[in-house]
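Okay, everyone, thanks for coming. Let me put the structure up and walk you through a few spots in it.

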Amino acid sequence: MSKEYADRPIGVFDSGQGGLTVLSRLVDLMPNEDYVFYGDSANAPYGVKSKEEVYQLAKRVVDELIDKHQVKAVMIACNTATSAAADRLRREYSLPIIGIEPAVKPAAEENPGRQVVAMATPLTLEQDKFNQLVAECAEPGQVVKVPAPKLVELIEKGQTDSPAIYQYLEELLAPYVGKAAGVVLGCTHFPFAKQAIQEILGPQAKVYDGAIGAAAEVKRQLASRDELNAGSQPGQILFENSAPAGADLSKRLYALYRQKQ
């Protein structure tokens with residue numbers, strides 16, 4: 001491909017602020033790339049909407065990233081949008097569209113015969129894609145599905161370790177305290193609350209998320225198209241959001257997340 005494509009930014013989008021955790025992994029892996037992060041906070045949370053609604057919202061964002069920013073690839077940094085829209089979007093666009101998948105496979109394989117909690121939005125947990133993943137990778141009854149829609153809402157408000165976060169998680173996770181050997185963070189918002197989840201479930205529960213693998217897949221696909229940025233300078237990040245003040249919140253949450261890594 002031409003240098004023009006290599007110099008173009010990578011688009012990263014989420015239903016809101018959660019995809020910032022994936023953006024952080026992308027920057028770790030490809031620090032010299034430019035990024036446009038788009039959070040659709042005005043329409044968050046996606047996880048309580050229908051599959052068609054999520055597809056239409058995702059398509060609108062992809063169109064904007066392509067038309068306004070000429071991105072060379074799109075990272076769908078949202079488990080719900082990946083499960084509801086990624087396959088359909090890939091058929092409609094020629095540029096790489098990479099999704100994120102809950103890290104069920106490593107969690108199940110590393111904890112044979114032990115309970116694994118899968119936290120995600122209701123829509124992600126209902127999708128055939130998720131249930132097929134569980135059927136293929138886990139033992140019967142090994143993975144317990146725990147929908148946590150309110151956690152998305154709290155993080156969208158900028159709360160990452162507030163008393164409200166702890167109260168909600170303590171009630172939600174009470175049946176699994178001291179029992180779960182692993183917890184899958186099946187929503188990109190949830191790593192913001194990783195410390196609270198770990199503290200509540202106990203030290204025996206290992207935390208899994210799919211952001212590292214997703215970032216590696218973006219790099220692999222761009223390399224296969226000869227579209228990696230060959231520059232040596234740190235890239236730029238542009239934050240955009242569909243909600244008033246959403247972009248400013250993205251900047252603050254991203255900086256906070258980077259400090260904690």
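Let's start with two helices: α8, residues 149-156, and α9, residues 163-173, have axes that come within 10 Å and cross at roughly 175°. That angle makes α8 roughly antiparallel to α9. Before I go on, please keep in mind that this is a predicted model.

So which residues meet between α8 and α9? On the α8 side we have P149, K150, L151, L154 and I155. Facing them from α9 are A164, I165, Y168 and L169. If you sort that contact by class, you get eight nonpolar residues, no polar ones and one charged one. In general, by the way, two packed helices are described by the angle between their axes and the distance between the axes.

The C-alpha atom of L169 is 7.8 Å from that of A196, and the two residues are 27 apart along the chain. A196 belongs to helix α10, residues 194-201. Leaving out residues up to four places away in sequence, A196 touches I165, Y166 and L169. Is A196 buried or exposed? With a relative accessible area of 2%, A196 is buried, because the cut-off for that is under 20%.

Now on to a sheet. Here four strands form an open sheet, in the order β6-β5-β7-β8, and the pairing is parallel. Which strands stand at the edges? Those are β6, residues 143-147, and β8, residues 206-208; each has a single partner strand, so one side of each is left without a neighbour in the sheet. From one strand to the next, the twist averages 25°.

Let me zoom in on one of those pairs. Strand β7, residues 182-185, runs parallel to β8, and three bridges join them. If you want a residue pair to find on screen, V184 stands opposite Y208 in β8.

As background, most residues other than glycine have a negative phi, and most peptide bonds are trans. Where is there a cis peptide bond? You'll find one joining A44 and P45, with omega at about 0°. P45 lies in the loop between β2, at 35-39, and α3, at 51-69.

D226 isn't a glycine, yet its phi is positive, about 55°. D226 is in the loop between α11, at 211-224, and β9, at 237-241. A relative accessible area of 53% puts D226 in the exposed class. A245 isn't a glycine either, and its phi is about 70°. You'll see A245 in the loop between β9 and α12, which covers 246-260. A245 also counts as exposed, at 57% relative accessibility.

One last stop, and that's N229. N229 sits in the loop between α11 and β9, and D226 is found in that loop too. Is N229 buried or exposed? At 16% relative accessibility, N229 counts as buried. What does N229 contact, once we set aside its neighbours within four places in sequence? The answer is A6, D7, N32, E33 and K72. There's a closer look to be had at G231, too: its backbone nitrogen lies 2.8 Å from a polar atom of the N229 side chain.

Note on methods:
Residues numbered from 1 in each chain as written. Predicted model: local features only at pLDDT ≥ 70, side-chain atom pairs only at ≥ 80, totals over all residues. Heavy atoms only, no water. Buried < 20%, exposed > 50% of the residue type's maximum accessible area, 1.4 Å probe, protein only. Contact = heavy atoms within 4.5 Å. Axes fitted to C-alpha atoms, helices over the stretch in contact; angles between N-to-C directions. Parallel < 35°, antiparallel > 145°, perpendicular 65-115°, else oblique. Nonpolar A, V, L, I, M, F, W, Y, C, P; charged D, E, K, R; others polar. Pairing = 2+ DSSP bridges. Polar contact = N/O pair within 3.5 Å; in protein donor to acceptor, adjacent residues only side chain to side chain.
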